[in-house]
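Subject: Handover of a structure for your review

Dear colleague,

Please find below the structure that I am handing over to you, together with its sequence. A written account comes after it.

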Amino acid sequence: MLASGSSGNAALLATENTRILVDAGLSMRELHKRLVSIGESLNSIDAILITHEHSDHVSGLAVLARNKGVRATIYMTRLTAPAIDWGATPPARLEPFQAGSCFQIGDIEVQSFGIPHDAIDPVGYCFEAEGIRIGVATDLGYVPESIKFHLRRTNVLLLEANHDLDMLKVGPYPWSVKQRVMSRVGHLSNLHVSDYLMQDLAPCTANLILGHLSEQNNHPAIVQLVAAEALERRGLETRLSIATQMTPSEVFQF
Ligand SMILES: [Zn+2]
Ligand SMILES: [Zn+2]
């Protein structure tokens, strides 16, 4: 995870042959800096996959698309592409896909799936390569059965833990925004996460990364507490990490 939270999201997934960036919600300069800090570079990225058009997921995208040193093909759903402000020129290397479709990028198999969120055509992803399956599900109001199905066999799971309901209710957001965040097309609360871990988390998920934490309405210590308690009750040995906004996470290697 290069960054995770309401001010910017980006994650890198790599095999020996293929490098995929999931979301581009950091400036190109910041992305470059964080990639270099883990021994990677912008020009070696093969594909940029976008989940949805909210600025915390695409703020660096138009600049990346214009840069001659970046050769990545940009993947997003057919309906999301027109919602991006590309500036004067649309990107040369754009690969629109149908939400829910499966496709291959190098040696990584990609499965997209629709998620309940107030964007035009938001998706989550599962990635599979070398027998390892990684699930990415952030920015969703709840976890429908269809998503539980996709996340069943994941070895690594990035799941949203956006807000603590009590903090959100007494917090500084206007009531209309609070309602939006709490709605079925808003964001996952710590309580949603706890329910998911108690009822649905697959025992094969060895690494759980909780991310997209709200700076105003959540705290890593609360997320840690809630998740650790749920995992303990399940008797699972899942390794828990919390992704943050300011610094890249550790590198998960298989
Ligand atoms: Zn969003
Ligand atoms: Zn977001």
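Predicted model: local features only at pLDDT ≥ 70, side-chain atom pairs only at ≥ 80, totals over all residues.

Overall fold

The protein chain contains eight helices and twelve strands. A compact globule of 254 residues would have a radius of gyration near 18 Å, and the value for the protein chain is 17 Å, so the two agree. The C-alpha trace spans about 50 × 45 × 35 Å along its principal axes. Of the 254 residues, 53% count as buried. Among contacts with a separation of 6 or more, 63% are between residues 24 or more positions apart.

The zinc ion (ligand 1)

Which residues are the protein donors of the zinc ion (ligand 1)? They are H52 through NE2, H54 through ND1, H117 through NE2 and D139 through OD, at 2.2 to 2.5 Å from the ion. In sequence these donor residues follow the spacing H-x1-H-x62-H-x21-D. The arrangement is irregular because the four donor atoms subtend angles of 90 to 173°; a tetrahedral site would need all angles between 85 and 135 degrees. Distant parts of the chain are linked here by the pair H54 and H117, which are 63 residues apart. H54 belongs to the loop between strand 3 (47-49) and helix 2, and H117 to the loop between strand 7 (108-114) and strand 8. With a relative accessible area of 4%, H117 is buried.

The bridging residue

D139 coordinates both zinc ions, ligand 1 and ligand 2, which are 3.5 Å apart. Is D139 buried or exposed? Its relative accessibility is 1%, so D139 counts as buried. The backbone of D139 also deserves a remark: phi is positive, about 60°, although the residue is not a glycine. Most residues other than glycine have a negative phi.

Two loop residues

E130 likewise has a positive phi, near 50°, and is a residue other than glycine. E130 is placed in the loop between strand 8 (123-129) and strand 9. Its relative accessibility of 63% is over the 50% cut-off, so E130 counts as exposed.

A92 is found in the loop between strand 4 (73-77) and strand 5 (94-97). At 73% relative accessibility, A92 counts as exposed. The C-alpha atoms of A92 and R66 are separated by 8.4 Å, and these two residues are 26 residues apart along the chain.

Yours sincerely

Technical notes: Residues numbered from 1 in each chain as written. Chains lettered and ligands numbered in written order. Heavy atoms only, no water. Donors = N, O, S within 2.8 Å, 3.2 Å for Na, K, Ca; no water. Buried < 20%, exposed > 50% of the residue type's maximum accessible area, 1.4 Å probe, protein only. Helix = DSSP H or I, 4+ residues; strand = E, 2+ residues; numbered from the N terminus. Rg over C-alpha atoms; globule rule 2.2 N^0.38 Å. Contact = heavy atoms within 4.5 Å. Tetrahedral: all angles 85-135°; square planar, octahedral: opposite > 155°, others 65-115°.
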